[in-house]
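Me: I would like to learn how to read this model. Can we take one feature at a time?

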Amino acid sequence: MVGGEIPGMYEQAVKLKVQGYRLFGLSNWNAVKFHTYCRHEYPVFDLLEGMVISGEEHVIKPDARMYSALLERYGLNPEECIFIDDTQKNLDGAAAFGIAGYLFTTPEDFAANFEKSLN
């Protein structure tokens, strides 16, 4: 997001929301920059039910406290979650909590393969 929204990802998030997925954010951002710039710059954040921002937690992914904060704050069951990230070490951190992961590469790959990966 720092370099701009990835073309096609907003549409993918809308599709997930329409399909009934609950969407949350888990991000390594400075809290001040996120709330003064990023939060209002990108409409994708309006699709999220909630977020955990590293600058507010004082730890970054893949620190276990980030995943724990997300699960506890929003009452999520890890076995019912899917964590999408572009960094394998962050997916590994989620897996330690029993959260399945999907490695994001491109919006096109995501659109073509995400649903298949759930089966």
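**Reading the fold**

Reply: Read along the sequence, the pattern is α-β-α-β-α-α-β-α-β-α. Helices (H or I, at least four residues) and strands (E, at least two) are DSSP runs, numbered from the N terminus. The radius of gyration is 14 Å, close to the 14 Å of the globule rule for 119 residues, so the protein is as compact as a globular protein of that length. That radius is taken over C-alpha atoms, and the rule is 2.2 Å times the number of residues to the power 0.38.

Me: What should I keep in mind about the source?

Reply: This is a predicted model: local features need pLDDT of at least 70, side-chain atom pairs count only at pLDDT 80 or more, and totals for chains, interfaces and linings use all residues. Residues are numbered from 1 along each chain as its sequence is written, and side-chain values use heavy atoms, with hydrogens and water left out.

Me: How many helices and strands are there in the protein?

Reply: The protein has 6 helices and 4 strands. Its C-alpha trace spans about 35 × 30 × 25 Å along the principal axes.

Me: Is Asn-90 buried or exposed?

Reply: Asn-90 is buried, because its relative accessible area is 6%. Asn-90 lies in helix H5, residues 88-95.

Me: Which residues is Asn-90 in contact with, leaving aside neighbours within four places in sequence?

Reply: Contact means heavy atoms within 4.5 Å. With those neighbours left aside, Asn-90 touches Lys-61, Pro-62, Tyr-67, Phe-83 and Asp-85. For the protein, take contacts between residues at least 6 apart in sequence: 56% join residues at least 24 apart.

Me: Now take Glu-56. Where is Glu-56 found?

Reply: Glu-56 is in helix H3, residues 54-57. Glu-56 counts as partly exposed, because its relative accessibility is 37%. Leaving aside neighbours within four places in sequence, Glu-56 contacts Ala-31 and His-35. Glu-56 and Asp-86 are 30 residues apart along the chain, and their C-alpha atoms are separated by 21 Å.

Me: How many disulfides does a search of the whole structure find?

Reply: A disulfide is a pair of cysteine sulfur atoms within 2.5 Å. The search finds 0. Cys-38 counts as buried, at 5% relative accessibility. Cys-81 also counts as buried, at 17%.

How values were computed: Buried means under 20% relative accessible area, exposed over 50%, partly exposed in between (1.4 Å probe, protein chains only).
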